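Work through the exercises below with the model open. Each task is followed by its solution.

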Amino acid sequence: MTKPITISKPYIALATVWAMFILFATIANVQTLEALRLSDLFAFDKPIHMMLFGTQAWLIYRSKKQAGNTFLTTACIASFTYGILTELLQAWLTTTRFFDYFDMLANGLGCVVVWWRLRPSKRVV
């Protein structure tokens with residue numbers, strides 16, 4: 001008999017709020033970001049992408065209590081997929097933002113960094 005999946009409600013809530021922030025930050029009109037003075041925050045575009053989607057992967061991973069390596073991989077793939085989706089939404093829904101392959105690469109790199117740091121180490125003695 002399999003154990004029921006237990007979810008950490010605070011982390012799933014944080015992951016959801018973080019996903020909404022990412023969606024706002026990646027879809028919002030550039031003038032909106034400038035009016036909110038958020039454009040300064042996004043001046044370093046690629047590291048910000050790495051941080052946003054790496055954090056998203058970490059939050060998803062932390063949302064499951066006793067998560068293993070398989071769920072870590074799933075969390076990173078889900079975050080990277082969300083990064084691809086936000087890039088596509090920029091191309092389809094906005095006239096002030098644009099699709100960028102290098103942004104997708106930075107999104108994926110942030111997820112890889114999280115995966116690499118959290119994976120169980122396989123040390124050979």
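**Exercise 1.** Is W18 buried, partly exposed or exposed?

This is a predicted model: local features need pLDDT of at least 70, side-chain atom pairs count only at pLDDT 80 or more, and totals for chains, interfaces and linings use all residues. Residues are numbered from 1 along each chain as its sequence is written, and side-chain values use heavy atoms, without hydrogens and water.

Step 1. W18 has a relative accessible area of 21%. W18 is therefore partly exposed.

**Exercise 2.** Classify the aromatic pair of Y11 and W58.

Step 1. Rings of Phe, Tyr and Trp (its six-membered ring) pair if their centres lie within 6.5 Å; planes under 30 degrees apart are stacked, over 60 edge-to-face, the rest tilted.
Step 2. The whole structure holds four aromatic pairs.
Step 3. Locate the partners. Helices are DSSP runs (H or I, at least four residues), numbered from the N terminus. Y11 sits in helix α1 (residues 9–27) and W58 in helix α3 (residues 45–62), so the pair ties together parts 47 residues apart in sequence.
Step 4. Y11 is partly exposed at 22%, and W58 is partly exposed at 32%.

**Exercise 3.** Which residues are linked with K46 in a network of salt bridges?

Step 1. The structure holds three salt bridges. K46 meets D45 at 2.7 Å, N to O.
Step 2. K46 also pairs with D100, with the closest N and O atoms 3.2 Å apart. K46 lies in helix α3 and D100 in the loop between α4 and α5, so this pair ties together parts 54 residues apart in sequence.
Step 3. D103 and K46 meet at 2.6 Å, N to O. This pair links helix α5 to helix α3, 57 residues apart.
Step 4. Join them: D45, K46, D100 and D103 form a network of salt bridges.
Step 5. K46 is partly exposed at 29%, and D45 is partly exposed at 28%. D100 is buried at 13%, and D103 is buried at 6%.

Terms used. Helix = DSSP H or I, 4+ residues; strand = E, 2+ residues; numbered from the N terminus. Buried < 20%, exposed > 50% of the residue type's maximum accessible area, 1.4 Å probe, protein only. Salt bridge = Lys/Arg side-chain N within 4 Å of Asp/Glu carboxyl O.
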